[in-house]
Amino acid sequence: MSVTTPKGPQLAVLPTAAEDDARSRVQVLQPSGWPMPKGYANGMAAEGLIVVTGGVIGWDAEERLADGFVAQVGQTLSNIAAILAEAGARPEHLVRLTWYVVDMDEYLSNLKELGKIYRAIFGANYPAMALVQVVRLVEKAARVEIEATAVIPR
């Protein structure tokens, strides 16, 4: 009998902030030898009730958009948190965010402020994320739209 060593990177499963919760089955996937990402995860694994949002933008209950990109991101993340709460989900249950922005430079030039806002709303929970620049969003004045996926452990 021969033993072979798998080729390619080894996979590490890192604990999440919710590790203390014995019911938690959300795990960050980090291949060994890869650099740690900043502000997102390379992958997530989870088991439980899936909660999915549509594309959420930075407007309030009266459909008034916040003024400016950073303010719209803050309102968008707050809106996502409210949607998740309706299902009993918390920020640590997030496994994926997909951001659609109309100006990549606007996003990149505001990273520090965006990080502060993100942590104020979601804490230090960084799911898998994708960032896509688009020509425009359905609401012409919207600067950002975000889709979220969360998994509530059973």
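Colleague: Is N125 buried or exposed?

Modeller: N125 counts as buried, because its relative accessibility is 14%; buried means under 20% relative accessible area, with a 1.4 Å probe and protein chains only. This is a predicted model, where local features need pLDDT of at least 70, side-chain atom pairs count only at pLDDT 80 or more, and totals for chains, interfaces and linings use all residues. Residues are numbered from 1 along each chain as its sequence is written, and side-chain values use heavy atoms, with hydrogens and water left out.

Colleague: Where is N125 in the chain?

Modeller: N125 sits in the loop between α3 (111–122) and β7 (128–133). Helices (H or I, at least four residues) and strands (E, at least two) are DSSP runs, numbered from the N terminus.

Colleague: And what does the side chain of N125 reach?

Modeller: The backbone oxygen of F122, at 2.7 Å.

Colleague: Changing topic, how many helices and strands does the protein chain have?

Modeller: Three helices and eight strands. From the N terminus, the order is β-β-β-β-β-α-β-α-α-β-β.

Colleague: Which element gives the largest share of the lining of the largest pocket?

Modeller: α3, with five residues. Both α3 and β7 supply at least two residues of that lining.

Colleague: Which residues lie nearest the centre of the largest pocket?

Modeller: K38, G39, Y107, L111 and M129, out of 14 lining residues.

Notes: Buried means under 20% relative accessible area, exposed over 50%, partly exposed in between (1.4 Å probe, protein chains only). A polar contact is a pair of N or O atoms within 3.5 Å; within protein, one must be able to donate a hydrogen and the other to accept it, and residues adjacent in sequence count only if both atoms are side-chain atoms. On a 1 Å grid over the protein atoms alone, a cavity is a set of points where a 1.4 Å probe fits but cannot get out, and a pocket is an open set with protein on both sides within 12 Å along at least five of seven lines; lining residues have an atom within 4 Å of a point.
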